[in-house]
Amino acid sequence: MTEYTTDAAREPGSQWYDGEAGPLVRPYAMTGGRTRPGPTGVRFDLIALVTLDPGAPGVDDDTAHGPEHRALIDLCRVETQSVAELAAGTDLPVGVVRVLLGDLLELGCVTVSRPVPPAQLPDERILREVIAGLRAL
């Protein structure tokens, strides 16, 4: 079974690191056994953009969140990130990141911009006509 951990858990000498076994923190421990984000059942698409709200209470309080939450906050502090980028940046499974983002969303620490559904995008034919018209200029 693959173990997923935070940077703190990878450091030898950490309480969550065993020299022989490696990291001891399992994904369900990071989410408290939850598999869905928040009680409202919010879903996070892989391309949904997550932005940190620097004015939110508790964003700068390192004791208010666990290490995984803080890692997500730190990544979003630099720039807006997609859910997939956050999962890659923290080396956590996407499912775990979604649950943790749900926590941060409920606390008001982050905002999420949902991708535009394909049904609301302009028709490809119209876009091709616009391109053809621009080339004709």
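Visitor: Which residues does Leu-72 touch, not counting residues up to four places away in sequence?

Guide: Contact means heavy atoms within 4.5 Å. By that rule Leu-72 touches Leu-86, Thr-90, Val-97, Leu-100, Leu-101 and Leu-104. This is a predicted model, where local features need pLDDT of at least 70, side-chain atom pairs count only at pLDDT 80 or more, and totals for chains, interfaces and linings use all residues. Residues are numbered from 1 along each chain as its sequence is written, and side-chain values use heavy atoms, with hydrogens and water left out.

Visitor: How many residues has the largest nonpolar core?

Guide: In soluble globular proteins, nonpolar side chains tend to be buried together. A nonpolar core is a set of buried Ala, Val, Leu, Ile, Met, Phe, Trp, Tyr and Cys residues joined through side-chain atoms within 4.5 Å. Buried means under 20% relative accessible area, exposed over 50%, and partly exposed in between (1.4 Å probe, protein chains only). Here the largest core has 20 residues. Those with the most contacts inside it include Leu-72, Val-50 and Val-83. The elements giving two or more residues to this core are β3 (49-52), α3 (67-78), α4 (83-90), α5 (94-106) and β5 (110-113). The largest share, 5 residues, comes from α5. Helices (H or I, at least four residues) and strands (E, at least two) are DSSP runs, numbered from the N terminus.

Visitor: What is the order of the strands in the open sheet?

Guide: Two strands pair if DSSP finds at least two bridges between them. The open sheet has 3 strands in the order β4-β3-β5, with antiparallel pairing. β4 (81-82) and β5 are the edge strands, each pairing on one side only. β3 and β5 share 4 bridges. Leu-52 stands opposite Val-110 in β5. Between β3 and β4 there are 2 bridges. Leu-49 has Ser-82 in β4 as its bridge partner.

Visitor: Which residues of β5 are on the covered face, and which on the uncovered one?

Guide: In a regular strand the side chains alternate between the two faces of the sheet. In β5, Val-110 and Val-112 make up the covered face. Thr-111 and Ser-113 make up the uncovered one.

Visitor: Where is Asp-91 found?

Guide: Asp-91 lies in the loop between α4 and α5. Its phi is near 60°, a positive value in a residue other than glycine. Asp-91 is partly exposed, with a relative accessible area of 42%.

Visitor: What is the place of Val-130?

Guide: Val-130 is in helix α6 (residues 124-136). Val-130 is partly exposed, with a relative accessible area of 44%.
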